[in-house]
Amino acid sequence: MEIIQIVGLGLIVTILTLIIKEQKPMFAFLLAAFTGIMIFLFLIGKISSVIQVLEDLAQKSSINMVFLKTILKIIGVAYIAEFGAQIVRDAGQESIASKIELSGKVLIMVMAIPIISVIIETVVKLLPA
């Protein structure tokens, strides 16, 4: 039950952060950021196993791997942008967090253009002339 470990770590760090924040706000932020990074690193192994399963399914169903890799990159950009925005938000910089989220959304749109183009071309081919 990894979730119990993650929640337990989160609760302990939250309590420590609240205690430290009064006297050393910078240490409280660093502790929160370090904990977030540790949880993210803990989950990377899980994420890689999911990616492996998706790649196997794509190969078995003869899906073009370029599309799968693009979708996985989009998901990665979304997770990283959210993670970065949350860390910056924890530091009290809501404006910068919003810009990180906006940047993630723009990058996702740019990365999705080839997939959207293929979908539109496919729909146009299916429509009678």
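This is a predicted model: local features need pLDDT of at least 70, side-chain atom pairs count only at pLDDT 80 or more; totals for chains, interfaces and linings use all residues.
**Stop 1: glutamate 2 and lysine 46**

Select glutamate 2 and lysine 46 and show their side chains. The two form a salt bridge, with 3.0 Å between the closest N and O atoms. Now colour the helices. Glutamate 2 belongs to helix α1, residues 2-21, while lysine 46 sits in helix α2, residues 25-60. The partners are 44 residues apart, so this pair links distant parts of the chain.

Glutamate 2 has a relative accessibility of 35% and counts as partly exposed. Lysine 46, at 41%, is partly exposed as well.

**Stop 2: arginine 89 and glutamate 94**

Next, select arginine 89 and glutamate 94. Their salt bridge has its closest N and O atoms 2.9 Å apart. Arginine 89 is partly exposed, with a relative accessible area of 23%. Glutamate 94 is also partly exposed, and its value is 43%.

**Stop 3: glutamate 101**

Which kind of contact do the side chains of glutamate 101 and arginine 89 make? They meet in a salt bridge, at 3.1 Å from N to O. Arginine 89 lies in helix α3 (residues 65-90) and glutamate 101 in helix α4 (residues 94-126), so the contact ties together parts that are twelve residues apart in sequence. Glutamate 101 is partly exposed, with a relative accessible area of 23%.

**Stop 4: the network**

Finally, show Arg89, Glu94 and Glu101 together. Salt bridges with shared partners join these residues into one network.

Definitions and conventions:
Residues are numbered from 1 along each chain as its sequence is written. Side-chain values use heavy atoms; hydrogens and water are left out. A salt bridge is a side-chain nitrogen of Lys or Arg within 4 Å of a carboxyl oxygen of Asp or Glu. Helices (H or I, at least four residues) and strands (E, at least two) are DSSP runs, numbered from the N terminus. Buried means under 20% relative accessible area, exposed over 50%, partly exposed in between (1.4 Å probe, protein chains only).
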